[in-house]
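Hi there,

Here's the structure I promised to pass on. Have a look at it first, and then read my notes below.

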Amino acid sequence: MTLAACAALAGCGFAPLYAQPGVVGNLAAIDVEAPEGRTGFLIREHLDDAFAKNRAAPAAYRMHLQLYETRYPRGIRVDNVATRFEYVLTADYTLTSIASGAPAKNGRVRVELTYNSADQPYASVTAQQDAQDRAAEEAARRIQLELAAWLANGAKPGGA
């Protein structure tokens, strides 16, 4: 059954995204510049992990990130205290070729998630920080997929 499925996929021209020449190597050659702060640190770390950053090789691209965070109260109790929040992280990125200095790709990802807020201050802060980490991880994953698809579809490595 598995062999038949593989043969059918091979016959239709299917190729895994990361098997395309240059995708993995060019993702590993992206230097991420994130804004200061906790969320900037988190998304940069998640992107470095997602790209399998090769610190020994020179970077071919520089990614500049701008982050926008908003938090909306949801689930309001009768005493007008929010018990649930919606956290929205929007990440705008510009990928620039280091060789030419020209912008190679721009993009935006938006992640929305909710979290519970507790009456205890420490638990509430911990829940908010967990939401930031989950949103940064998801934004990094979406950026990685966008860039991998862009590279696999004929982006010129190292140039604009």
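To follow the first point, you need one definition: the expected span of a helix is 1.5 Å times one less than its number of residues. Keep in mind as you read that this is a predicted model.

Now try that on helix α4, which runs over residues 121–152. With 32 residues at 1.5 Å each, α4 should span 46 Å, and its end C-alpha atoms are 47 Å apart, so the two values agree. Just past the end of α4 you'll find Gly-154, whose phi is positive, at about 105 degrees.

How does α4 sit against helix α3 (residues 38–51)? Their axes come within 8 Å and cross at roughly 40 degrees. That angle is why α3 and α4 count as oblique to each other, and their crossing is right-handed. On the α3 side, the residues making the contact include Leu-42, Ile-43, His-46 and Leu-47. On the α4 side, Ala-136, Ala-140, Ile-143 and Leu-147 are among them.

Is Asp-92 buried or exposed? Its relative accessibility is 15%, and buried means under 20%, so Asp-92 counts as buried. Which side chain does the side chain of Asp-92 make a polar contact with? It's that of Arg-108, at 2.5 Å. Leaving aside residues up to four places away in sequence, Asp-92 also touches His-64, Leu-65, Gln-66, Tyr-68 and Gly-107, as well as Arg-108 itself.

Cheers

Methods:
Residues are numbered from 1 along each chain as its sequence is written. This is a predicted model: local features need pLDDT of at least 70, side-chain atom pairs count only at pLDDT 80 or more; totals for chains, interfaces and linings use all residues. Side-chain values use heavy atoms; hydrogens and water are left out. Helices (H or I, at least four residues) and strands (E, at least two) are DSSP runs, numbered from the N terminus. Buried means under 20% relative accessible area, exposed over 50%, partly exposed in between (1.4 Å probe, protein chains only). A polar contact is a pair of N or O atoms within 3.5 Å; within protein, one must be able to donate a hydrogen and the other to accept it, and residues adjacent in sequence count only if both atoms are side-chain atoms. Contact means heavy atoms within 4.5 Å. Axes are lines fitted to C-alpha atoms, for helices over the stretch in contact, and angles run from 0 to 180 degrees between N-to-C directions. Angles under 35 degrees count as roughly parallel, over 145 as roughly antiparallel, 65 to 115 as roughly perpendicular and the rest as oblique. A crossing is left-handed if the near helix is turned anticlockwise from the far one by less than a right angle, and right-handed if clockwise.
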